[in-house]
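I am opening this notebook to keep track of what I look up in a structure that is new to me. Each entry below records one thing I checked.

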Amino acid sequence: MSVFLIRRAFHSLIVLLVMSAVIYGLIGLMPGDPVDLMISADPDVTAADAARLRAIYGLDQPLWSRYLHWLSAAVTGDFGYSRLYAQPVWQAILPALSNTLILLISSLLLALIIALPAGVFAATRPYSVTDYGINLTAFAGISMPPFWLGILLILVFSVMLGWLPAGGTPQSAGASGLWEHIQYLILPIAALTIAGVGGHTRYMRASMIETLRQDYIRTARAKGLSESRVVLGHALRNAMIPVVTVIALDLGVLFSGALITETVFAYPGMGKLIFDAIMGNDYNLALVGLMMATALTLTGNLLADVAYAALDPRISYESLDA
Amino acid sequence: MSEIAATVSEAPGRAVFARFLRHRLAVASALVLALLAVLALLAPVIEGLLGVDADGVDLFSRYGAPTPEHPLGTDELGRDVLVRLLYGGQVSLFVGLTATIAAAVIGTAIGLVSGYAGGRFDAFVMRVTDGVIALPVLPLLIVLAAIDVGKLGLSDSLLSSENVSLYRIVAIVALVGWTTVARLVRASTLSLKTRPFVMAAHAQGAGALRIMFRHILPNLASPIIVATTLSVGNVILLESVLSFLGLGIQPPLPSWGNLLTGAQETIWEAPGLAFYPGMLIFITVIAFNFVGDGLQDALDPRARDRRAADRH
């Protein structure tokens with residue numbers, strides 16, 4: 001187990017390292033550099049000044065040498081300075097990270113609270129009207145453009161009903177109470193929850209249907225157990241194995257959803273931070289933000305493997321490694 | 001002889017079609033998609049019938065209410081909303097289909113070669129595939145969409161074309177979208193290459209390329225078609241997200257995604273502008289998902305039989 005974990009973590013670190021080089025290279029291909037921005041902000045900068053500035057910041061060096069420079073600083077924990085926020089990168093990221101975690105965790109929990117019972121309920125009466133209803137709703141959920149869902153929520157609850165703010169934060173509106181904070185969270189969390197429910201429901205349903213087909217379920221029924229004991233006591237634990245795996249694998253998808261939701265609602269989280277950093281040529285910030293998104297996805301994959309073997313005694317870590 | 005061959009090859013096709021027809025939702029979805037495609041293709045005709053110009057800016061009639069001339073009203077620049085939606089449909093459907101097909105072709109080629117070659121090469125390719133799957137897709141697509149293609153040294157004539165944002169988005173989606181099909185094809189190739197008919201072809205002196213493309217590939221048609229159909233919806237969603245964020249299709253070329261870019265700011269004056277494009281994306285994506293679902297049932301009858309067994 002620990003050998004497996006260490007080896008997998010090591011693989012993830014290598015992928016992360018490769019990705020840092022790829023992302024660094026891609027960012028180097030984006031139009032403009034920090035000196036270009038200075039020139040456009042201050043027309044008095046001459047070509048000689050620009051060349052000198054580029055030399056000072058090392059922008060005259062080739063891409064690979066800049067990357068090695070960044071990497072050697074990064075391994076000591078120095079990720080540089082964010083120009084957009086005029087702060088060290090970490091100080092710009094931490095508040096955004098906590099905002100995003102609030103959004104991700106609450107919407108994931110809500111989505112599971114809705115999706116898992118709905119999936120089990122549908123699976124226990126396959127091809128009934130209820131099942132078709134749940135299935136259709138789930139299909140509608142996964143087919144909904146996530147940003148349009150946000151816009152529709154704003155249209156209904158902010159424009160038409162006037163109940164909730166259309167976006168932003170309580171800080172930006174100068175409010176402070178607990179209700180004010182929650183008010184600004186309701187629509188983004190709702191949007192992200194609705195976007196996730198459909199997929200989880202379909203996985204839960206498919207997995208439960210497959211499980212209920214197994215021989216040991218027939219045995220449990222033959223023993224005379226009640227249907228609810230059969231489903232909740234015997235089938236559920238096994239049916240959850242693939243579902244847990246998929247939830248972990250989908251952490252990256254969840255983060256993409258957060259990026260869209262945060263952008264639509266002007267919610268100051270990691271997704272909006274990364275988007276603004278890329279759009280604003282804030283290389284240091286964009287790089288670290290993207291690396292954290294990659295790390296989150298890789299952690300999800302690792303968790304999925306661990307959960308898979310931990311929950312199902314038939315699968316050993318050795319067989320996963322082969 | 002040729003007649004016999006024709007009936008033999010047609011019979012399964014007919015059975016598949018008959019099974020697909022039983023899936024009412026999928027049939028209805030296919031009809032909706034056909035209707036949308038025809039309407040989008042007829043955009044210039046409808047433009048002429050209404051007597052409007054898709055790019056005709058008229059600042060005196062901004063946010064116009066629906067009239068016989070403008071059935072869905074006008075947008076923030078006084079352009080006809082209906083005609084812009086239809087032209088946007090051309091772009092969104094084109095991107096969705098070409099990007100998906102490009103990704104499927106790349107995925108099929110990678111999966112076939114990797115599965116057929118096996119060994120270390122296969123292990124390496126699958127590691128790369130796992131790596132690509134592990135990437136945070138949307139943030140990465142945003143970076144890819146933001147890079148300056150000029151720095152890659154592509155020709156100026158290509159870059160100055162007004163459709164450059166179109167080709168770019170197709171390329172970007174194909175670049176990250178090939179993994180599903182590649183894994184699928186590779187797994188099936190691994191098992192198919194040990195079958196007697198492949199060994200027979202090998203014994204007759206067929207080369208690796210011939211075995212891969214003439215003998216193995218035709219057996220993979222069904223899963224590839226199903227996976228491809230099911231991913232068209234996702235690709236259309238991805239295009240709409242990128243265009244909505246201002247990184248996909250660039251105005252004045254309309255797409256359903258970029259028609260929504262400004263809609264949020266004008267939501268108080270013109271809620272309709274925020275509604276129609278999203279509704280069209282939604283309908284198209286859900287229709288592709290239903291068609292994919294129906295195709296899966298039609299092409300994999302065993303899954304259908306299992307379903308029938310569940311009912312009892």
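Entry on Val241(B). Working in what is a predicted model, I looked up the neighbours of Val241(B), and, leaving out residues up to four places away in sequence, I found that Val241(B) touches Pro145(A), Phe147(A) and Ile260(A) as well as Leu138(B) and Gly257(B). I then found Val241(B) listed with Ile151(A), Ile274(A), Ala286(A), Ile142(B), Val143(B) and Val173(B) as the residues with the most contacts inside the largest nonpolar core, which has 146 residues. Helix α4 of chain B, residues 81-117, gives this core its largest share, 15 residues.

Entry on where the chains meet. I asked how many residues of chain B are in contact with chain A, and noted that 37 residues of chain B are in contact with 37 residues of chain A. Sorted by class, the side of chain B that touches chain A has 26 nonpolar residues, 6 polar residues and 5 charged residues.

Entry on a helix pair across the two chains. I followed α6(B) to helix α12 of chain A, residues 251-264, and noted that α12(A) and α6(B) pack at an angle of about 55°, with their axes 7 Å apart. With that angle, α12(A) is oblique to α6(B). From α12(A) the contact is made by Gly252(A), Ser256(A) and Leu259(A), and from α6(B) by Val137(B), Leu138(B) and Pro139(B). I sorted the residues of this contact as 4 nonpolar, 2 polar and no charged.

Entry on a helix pair within chain A. I turned next to α12(A) and α13(A), which pack at an angle of about 80°, with their axes 7 Å apart. These two helices, α12(A) and α13(A), are therefore roughly perpendicular to each other. Here Ala258(A), Leu259(A), Glu262(A) and Thr263(A) of α12(A) meet Gly271(A), Lys272(A), Ile274(A) and Phe275(A) of α13(A). The residues of the contact of α12(A) with α13(A) divide into 4 nonpolar, 2 polar and 2 charged.

Entry on α13(A) itself. I wondered how many of the 10 residues of helix α13 of chain A are buried. I noted 8 of the 10 residues of this helix, residues 270-279, as buried, so α13(A) is largely enclosed by the rest of the structure. The buried residues of α13(A) are Met270(A), Gly271(A), Lys272(A), Leu273(A), Ile274(A), Phe275(A), Ala277(A) and Ile278(A). They pack against α5 (89-124), α12 and α14 (283-311) of chain A together with α6 of chain B. After α13(A) I came to Asn281(A), whose phi is positive, near 55°.

Entry on Leu249(A). I located Leu249(A) in helix α11 of chain A, residues 227-249.

Entry on α9(B). Helix α9 of chain B, residues 179-192, has 14 residues and reaches 20 Å from its first C-alpha to its last, which is close to the 20 Å expected at 1.5 Å a residue. I found Thr179(B), Val181(B), Ala182(B), Arg183(B), Val185(B), Arg186(B), Ser188(B), Thr189(B) and Leu192(B) to be buried in α9(B). What covers the buried residues of α9(B) includes α4, α5 (119-133), α10 (196-203), α11 (208-216) and α12 of chain B.

For chain A I wrote down 15 helices and 2 strands, with 36% of its 322 residues counted as buried. The C-alpha atoms of chain A fill a box of roughly 85 × 55 × 30 Å along the principal axes. For chain B I wrote down 14 helices and 0 strands, with buried residues making up 39% of its 312 residues.

Methods:
Residues are numbered from 1 along each chain as its sequence is written. Chains are lettered from A and ligands numbered from 1 in the order in which they are written. This is a predicted model: local features need pLDDT of at least 70, side-chain atom pairs count only at pLDDT 80 or more; totals for chains, interfaces and linings use all residues. Two residues are in contact if their C-beta atoms, placed from the backbone, lie within 7 Å. Ala, Val, Leu, Ile, Met, Phe, Trp, Tyr, Cys and Pro count as nonpolar, Asp, Glu, Lys and Arg as charged, and the others, Gly among them, as polar. Helices (H or I, at least four residues) and strands (E, at least two) are DSSP runs, numbered from the N terminus. A residue is buried if 20 or more other C-beta atoms lie within 10 Å of its own, exposed if 12 or fewer, and partly exposed in between; C-beta atoms are placed from the backbone. A nonpolar core is a set of buried Ala, Val, Leu, Ile, Met, Phe, Trp, Tyr and Cys residues joined through C-beta atoms within 7 Å. The expected span of a helix is 1.5 Å times one less than its number of residues. Axes are lines fitted to C-alpha atoms, for helices over the stretch in contact, and angles run from 0 to 180 degrees between N-to-C directions. Angles under 35 degrees count as roughly parallel, over 145 as roughly antiparallel, 65 to 115 as roughly perpendicular and the rest as oblique.
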